[in-house]
Amino acid sequence: MMEILGKTDIDFMGKRNIAFMVSGFLVSLGLLAVIAILVGWANLGIDFAGGTAVQLKFDKPLLIAEARKALDAHGLGAAELQEFPQDQKLLIRVKTETTIEEGVSKNIIQAFQAEFPDHGFVVDSSTSIGPTIGKKLQGDALIAIILSLAGIILYVAVRFEFRFGVAAAIATFHDVLAVLGIYFLLNTEITLLVVTALLTLAGYSLTDTVIVFDRIRENLRQRRRETTTTIINNGINQVLSRTLITTLTVVLVLVPLTIWGGEVLHDFSLALLLGVMIGTYSSIFVASPLLLLWPGAEGKLLSRGK
């Protein structure tokens with residue numbers, strides 16, 4: 001296997017307190033995002049908040065200021081606008097708190113036809129979702145995340161032992177909260193596509209963690225005289241080059257998708273990109289150090305005679 005670092009001897013466990021402080025901040029940010037979602041402060045997409053989204057493709061460029069003025073004149077001043085100049089597209093979102101306003105998409109189209117008769121356009125897409133459905137989707141997304149974490153604990157507990165499963169689940173939960181927190185901080189819209197990315201990165205993070213845990217388990221069986229801290233450090237160093245190569249390969253794909261993938265792929269790719277980098281960090285600095293925090297971990301981590 002190709003190596004980019006060669007043999008390393010980094011004391012990862014010695015830096016665990018610093019890592020825990022960084023992770024504590026990321027998790028706190030994520031919990032704040034969860035609270036904001038529950039009370040309606042977060043920038044939720046119409047998937048969750050309910051509302052109407054219409055995307056128009058124009059034959060000629062249209063300034064977003066002119067579009068906003070036209071919507072104001074037709075009683076749609078609360079609309080959110082997002083432009084894609086390279087494709088001459090405009091996305092108009094109108095969120096509704098209680099119910100879908102009948103004919104919102106029709107009103108949007110008529111407003112542009114009336115104000116810009118010389119700007120030909122076609123309707124790329126039009127979507128309307130009621131707030132009741134949005135609330136149900138929020139609940140379904142939360143259940144999906146909880147079930148995935150429960151599955152992680154069960155899988156890793158069966159393959160290794162219970163404390164490994166708990167550590168892997170906490171690390172995965174950390175990754176999901178961290179990305180959610182960053183999205184909240186950036187005020188990026190949280191949609192079903194973002195939730196899909198969060199579940200995808202949970203699987204990626206688990207794979208990375210299991211590889212590290214597998215090497216730690218092998219070392220525990222073969223190096224009985226070394227301390228658990230040394231064994232964990234050695235295990236991480238042994239797979240570090242492989243972990244970084246895998247991460248770099250995925251990042252090289254996600255960066256172009258995030259930058260040039262267009263409006264459909266951007267949020268999904270960004271969530272995955274953040275998740276892959278945070279997941280690699282958590283496999284080394286969160287999941288593995290958590291094994292040392294377990295009561296009686298030193299000298300008793302796994303049955304070394306197995």
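Predicted model: local features only at pLDDT ≥ 70, side-chain atom pairs only at ≥ 80, totals over all residues.
Start with the overall build. The chain has nine helices and four strands. Followed along the sequence, these elements come in the order α-α-β-α-β-β-α-β-α-α-α-α-α. The C-alpha trace spans about 80 × 40 × 30 Å along its principal axes. There are 306 residues in the chain, and 48% of them are buried.

Next, consider what touches what. Take the contacts between residues at least 6 apart in sequence. Of these, 79% join residues at least 24 apart. The chain exposes about 15,400 Å². Carbon and sulfur atoms supply 63% of that area. The chain also carries 25 positive and 27 negative charges.

Now look at the loops. Gln88 sits between strand S2 (80-84) and strand S3 (89-95), in the loop that joins them. Its phi is near 55°, which is a positive value in a residue other than glycine. Most residues other than glycine have a negative phi. Gln88 has a relative accessible area of 26%, so this residue counts as partly exposed.

A second residue also has a positive phi. Asn187 is not a glycine, and its phi is near 60°. This residue belongs to the loop between helix H6 (162-185) and H7. Is Asn187 buried or exposed? Asn187 is exposed, because its relative accessible area is 52% and the cut-off for exposed is over 50%.

Move on to the open spaces. The largest pocket has a volume of about 610 Å³. Its lining is made up of 21 residues. Those closest to the pocket centre are Leu91, Arg93, Glu189, Thr191 and Glu263. Which elements give two or more residues to this lining? They are helix H2 (46-49), strand S1 (51-58), S2, S3, strand S4 (121-129) and helix H9 (262-293). The largest share, four residues, comes from H9.

The structure holds one cavity of 30 Å³ or more. About 30 Å³ of space lies in this largest cavity. The residues that line the cavity are Ile145, Ser148, Leu149, Val176, Leu198, Leu199 and Ala202. Helix H5 (131-159) and helix H7 (192-222) each supply at least two residues of the lining.

Stay with helix H7 for the last stop. Ser205 is found in this helix. The relative accessible area of Ser205 is 0%, so this serine is buried. What does Ser205 touch, leaving out residues up to four places away in sequence? Its contacts are Thr172, Asp175, Gly279, Ser282 and Ser283.

Ser205 is buried in the model. Gln88 is partly exposed. Asn187 is exposed. Ser205 lies in a helix, while Gln88 and Asn187 lie in loops. Find each of them in the structure above, then trace the pocket from H9 and the cavity from H5 and H7.

Technical notes. Residues numbered from 1 in each chain as written. Heavy atoms only, no water. Buried < 20%, exposed > 50% of the residue type's maximum accessible area, 1.4 Å probe, protein only. Contact = heavy atoms within 4.5 Å. Areas by Shrake-Rupley, 256 points an atom, 1.4 Å probe, with all protein chains shown as cover. Lys, Arg positive; Asp, Glu negative; His and termini not counted. Charge placed at Lys NZ, Arg CZ, Asp CG, Glu CD. 1 Å grid on protein atoms, 1.4 Å probe; cavity = no way out; pocket = protein on both sides within 12 Å on 5 of 7 lines; lining within 4 Å. Points joined across faces, edges and corners; volume = space filled by probe spheres on them.
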